[in-house]
Each structure stands twice: as C-alpha cells, then as structure tokens.
Amino acid sequence: MPLRSFNLIIEGMKGGGRVADVIDRVIETLEETKELKQEMAATNLTYVIFISVIVILVAPGLFTLSFQFLTILQGLGARVAASGATQQAVNLPISFGKVALQPDQFRNFSQYALLVISLFAGMIVSMINRGSIRGGIKFVPFLLISSQVVYFIAMQVGSTVFKGLFGGI
C-alpha cells in the first residue's frame, strides 16, 4: 500500500497536478485502510472467542447435563420396573423401560465427540486467523485438553449436584 501511494504522488507530480490534494487523499485512504484492518481484527477475535467458549465450556456442559439426564432416566425406569407398574396402571404419556444406552457408553461417546469438536474448532480458528487449516494444529491440543478438563470437572460437580437433588431416584 505505501508503494502504491508513493507511485500516485510521483505520478501526480509528473502530471503537474496539485500534489497537496493527492497527498491528502492518500493519507485519508491509508487511515481508512488502517481502521478497516483494526475492525476486521476485532471481528475475527470475536469469532475466535465465541468458538473457544463453545468448545471449552458449552459442549462439555451440555454433555454433562445429558449424562445426568440419562442416569436420572435409568433410575426412574428401574424404580418403575421394580414397582411392577405398567403404563396403563400409572397412566403416564411416556413409558419407562430399559434404557439401551449405558452411562459408560455415553461418557466414552461424549469424550470422543469433544475430541472431534476440538479438532474442527481448531481448524476453523486457524481459517479465521491465518486463512489456512494447517496453522490450526497448534490450537487443537489447547482446545482438546481444556474441553476434557472442563468436562471432567463438570461431571464431578454434576454428579454431586444431581445426586443431592435426585438422591432418592
């Protein structure tokens, strides 16, 4: 950009034009370009923060809540089955039975899902920051470790909270 600006000034001087007007326009253009670059950087940073929050906090939190919901449903299903109540006798709009998905299977699935989410989020962050996917390899370990740590902590907190709330189930 500066080289192009100098070429415009030189051409203006050779053509006999008013150099002061050309210089003023070049300065205005350079300032506008600088402001646009700053605005683009701020927007890109916002996208990176948004994606990172989703991967590090939201996804592990939702997997934790899903796991807790699964364990609560299993407990309810076991209690209903143990009491011998049927759907007609209780007259519920849903039927409780054996839950096919085991909590350990879901825990493994959610950890693998976080791995895949972290991998693709690292690629997206790299595309936003650098314009290529290859540069995102360094973001993946951070996102992966952070999401797994948050998931582990959320599972511990969630288990404690939901056992306290639904301990009788």
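Visitor: What share of the contacts in the protein with a separation of 6 or more comes from residues 24 or more positions apart?

Guide: Contact means heavy atoms within 4.5 Å. In the protein, residues 24 or more positions apart account for 70% of the contacts with a separation of 6 or more. This is a predicted model, where local features need pLDDT of at least 70, side-chain atom pairs count only at pLDDT 80 or more, and totals for chains, interfaces and linings use all residues. Residues are numbered from 1 along each chain as its sequence is written, and side-chain values use heavy atoms, with hydrogens and water left out.

Visitor: How many helices and strands does the protein have?

Guide: Helices (H or I, at least four residues) and strands (E, at least two) are DSSP runs, numbered from the N terminus. The protein has five helices and zero strands, in the order α-α-α-α-α from the N terminus on.

Visitor: Which residues of H4 are buried?

Guide: Buried means under 20% relative accessible area, exposed over 50%, partly exposed in between (1.4 Å probe, protein chains only). An α-helix has 3.6 residues a turn, so residues three or four places apart point the same way. In H4 the buried residues include Phe 106, Ser 110, Ala 113, Leu 114, Ser 118, Ala 121, Gly 122 and Val 125. Those of H5 include Val 140, Leu 143, Ser 147, Tyr 151, Met 155 and Gly 158. Of the 169 residues of the protein, 22% count as buried.

Visitor: Is Gln 68 buried or exposed?

Guide: Gln 68, in helix H2 (residues 19-83), is buried because its relative accessible area is 4%. Gln 68 touches Met 155, Gly 158, Ser 159 and Phe 162, not counting residues up to four places away in sequence. A polar contact is a pair of N or O atoms within 3.5 Å; within protein, one must be able to donate a hydrogen and the other to accept it, and residues adjacent in sequence count only if both atoms are side-chain atoms. The side chains of Gln 68 and Ser 159 make one at 3.4 Å.

Visitor: Is Ile 54 buried or partly exposed?

Guide: Ile 54, also in H2, is partly exposed, since its relative accessible area is 32%.
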